[in-house]
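Welcome, and take a moment to look the model over before reading on.

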Amino acid sequence: MRTFFTEGTVFVCSILVCLQTVNGWTPPSFCRGYVCPEYRLVHAYENFEERFYNTSHWAITEIEDTDTGTLIAAYNKLDAYINGANELSQKIPPANPVAVTILKSDSGEEDRYFVSLYVPPDTSFPKPTDSTIEEFTIPAGTIFVRVFGGRPSVSNWLDNLEKLEEDLQSAEKQYNPLRQMALDYDSPLKLFYRHDEVWISEA
C-alpha cells in the first residue's frame, strides 16, 4: 500500500510497482514507478527548474479550506473515483502525483483550493458518481518548479511557494501568481530523500 498524508494524517492509495513508459517517454525516478506528467527540462537554475509540460489531465475536486479533515475527505473521494466510483465502474490506472492547487483572487475575493490526482494520457474519463469531481486540463506550457523535501504539510508547501516566487522575481521571470500548485510524489512515511514540488506557471 502507498500512503499519503498532510499535517500528520494518513491517506491510503494503491501502489504501482512497475516502471511505465508513455509514448516513448520514460518518467524520471522521482515518479516512483508511476506515470506522471510528461515534460522537457528547459533550464535548471540554482534553486528552481524551468520545464515545458505537455497537456495534462487531472481528476479534481474543490475544497473549502486546507484543514486536515477537508484534505482527507477530498483525497478519499478522488481515490474512490479512480477505483471505480464512476458510471462505468471503471478503474483508472494509478499515477503520480497528488496535487493541491491554490487559485488566488486579484479582486479581494477569497482564495479557492482544489485537490487533484493526475490521470495518465490516453485514459478515458468516465462520469463520476460524485458530481463534485470534474476533469481538469492543464494546457501545454512552461512551468517553474521548486523541488524540496521535509515533512509534507501545508506550511511546508506555502513556505516553498514563497521561496519560488522570490527566486522568480530575482531571475526576472514573468509568472502567473494567481495559480499555484503543491505536489507530493512520495509516501509521507518516507522521511529521507523525498521529492515534493511546487509549481507556478509562466505568465
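The protein chain has two helices and eleven strands; helices (H or I, at least four residues) and strands (E, at least two) are DSSP runs, numbered from the N terminus. Read from the N terminus, its elements follow the order β-β-β-β-β-α-β-β-β-β-α-β-β. Before we go further, please note that this is a predicted model, in which local features need pLDDT of at least 70 and side-chain atom pairs count only at pLDDT 80 or more, while totals for chains, interfaces and linings use all residues. Residues are numbered from 1 along each chain as its sequence is written, and side-chain values use heavy atoms, with hydrogens and water left out.

How much of the protein chain is buried? Buried residues account for 48% of its 203 residues, where buried means under 20% relative accessible area, exposed over 50%, and partly exposed in between (1.4 Å probe, protein chains only). Of the contacts (heavy atoms within 4.5 Å) between residues at least 6 apart in sequence, 66% join residues at least 24 apart.

Leaving aside residues up to four places away in sequence, N160 touches R146, F148 and V198.

Next, look for the one disulfide in the structure. A disulfide is a covalent bond between the sulfur atoms of two cysteines; here the term is applied to a pair of cysteine sulfur atoms within 2.5 Å. The partners are C31 and C36, with 1.8 Å from S to S, and the link is right-handed, with 60° about the S-S bond. C31 is buried at 0% relative accessibility, and C36 is buried at 3%.

Now for the aromatic rings. The whole structure holds eight aromatic pairs; rings of Phe, Tyr and Trp (its six-membered ring) pair if their centres lie within 6.5 Å, and planes under 30 degrees apart count as stacked, over 60 as edge-to-face and the rest as tilted. Y45 and F48 are stacked because their ring centres are 4.6 Å apart and their planes stand at 15°. Y45 is partly exposed at 28% relative accessibility, whereas F48 is buried at 6%. Y81 and F125 form a tilted pair, with centres 5.2 Å apart and planes at 40°. This pair links distant parts of the chain, 44 residues apart: Y81 lies in helix α1 (residues 68-82) and F125 in the loop between β7 (112-119) and β8 (133-138). Both Y81 and F125 are buried.

Finally, ring pairs join Y39, Y53, W58, Y118 and W199 into a cluster.
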